[in-house]
Amino acid sequence: MTDVQDIQRRLIELDVEHRDLDAVIDMLTLDGHHDQLQLRRLKKRKLQLKDQITLLKMQLVPDVPA
């Protein structure tokens, strides 16, 4: 994935999924009857998405000579 447009499109997809997961986690947390295992898996997935977003954003920044 080296094309800037591909990276930007993927960033948007990941960002939407990240926000959706955030909303689901909030709803499950507010609901008193949530499954701890499911909540942990959702939080782990959210962290993975955040890492992927960070890596893709780093690809968009041009290298600056030291």
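The structure is a predicted model, in which local features need pLDDT of at least 70 and side-chain atom pairs count only at pLDDT 80 or more, whereas totals for chains, interfaces and linings use all residues. Residues are numbered from 1 along each chain as its sequence is written, and side-chain values use heavy atoms, with hydrogens and water left out.

The protein contains two helices and zero strands; helices (H or I, at least four residues) and strands (E, at least two) are DSSP runs, numbered from the N terminus. Its radius of gyration is 15 Å, well over the 11 Å that the globule rule gives for 66 residues, so the protein is more spread out than a compact globule. This radius is taken over C-alpha atoms, and the rule is 2.2 Å times the number of residues to the power 0.38. Along the principal axes, the C-alpha atoms fill a box of roughly 50 × 25 × 15 Å.

Of the 66 residues in the protein, 18% are buried. Buried denotes under 20% relative accessible area, exposed over 50%, and partly exposed in between (1.4 Å probe, protein chains only). The protein exposes about 5,500 Å², of which carbon and sulfur atoms supply 56%; accessible areas come from the Shrake-Rupley method with a 1.4 Å probe, and for residues only the protein chains shown count as cover.

The largest nonpolar core has 11 residues, including Ile 7, Leu 21, Leu 42 and Leu 56. A nonpolar core is a set of buried Ala, Val, Leu, Ile, Met, Phe, Trp, Tyr and Cys residues joined through side-chain atoms within 4.5 Å. Helix H1 (4-30) and helix H2 (36-60) are the elements that give two or more residues to this core, and H1 gives the most, with six residues.

Among contacts between residues at least 6 apart in sequence, 67% join residues at least 24 apart. With neighbours within four places in sequence left aside, Leu 21 is in contact with Leu 42, Arg 45, Lys 46 and Leu 49. His 18 lies in helix H1 and counts as buried because its relative accessibility is 15%. Under the exclusion of neighbours within four places in sequence, His 18 is in contact with Lys 46, Leu 49, Lys 50 and Ile 53.

Ile 12 is placed in helix H1 and counts as exposed, at 56% relative accessibility. The C-alpha atoms of Ile 12 and Ile 53 are separated by 9.0 Å, although the two residues are 41 apart along the chain. Arg 9, also found in helix H1, counts as partly exposed at 48% relative accessibility. Asp 63 is located in the segment after H2 and is exposed, with a relative accessible area of 78%. From C-alpha to C-alpha, Asp 63 and Leu 14 are 23 Å apart in space and 49 residues apart in sequence.

How values were computed:
Contact = heavy atoms within 4.5 Å.
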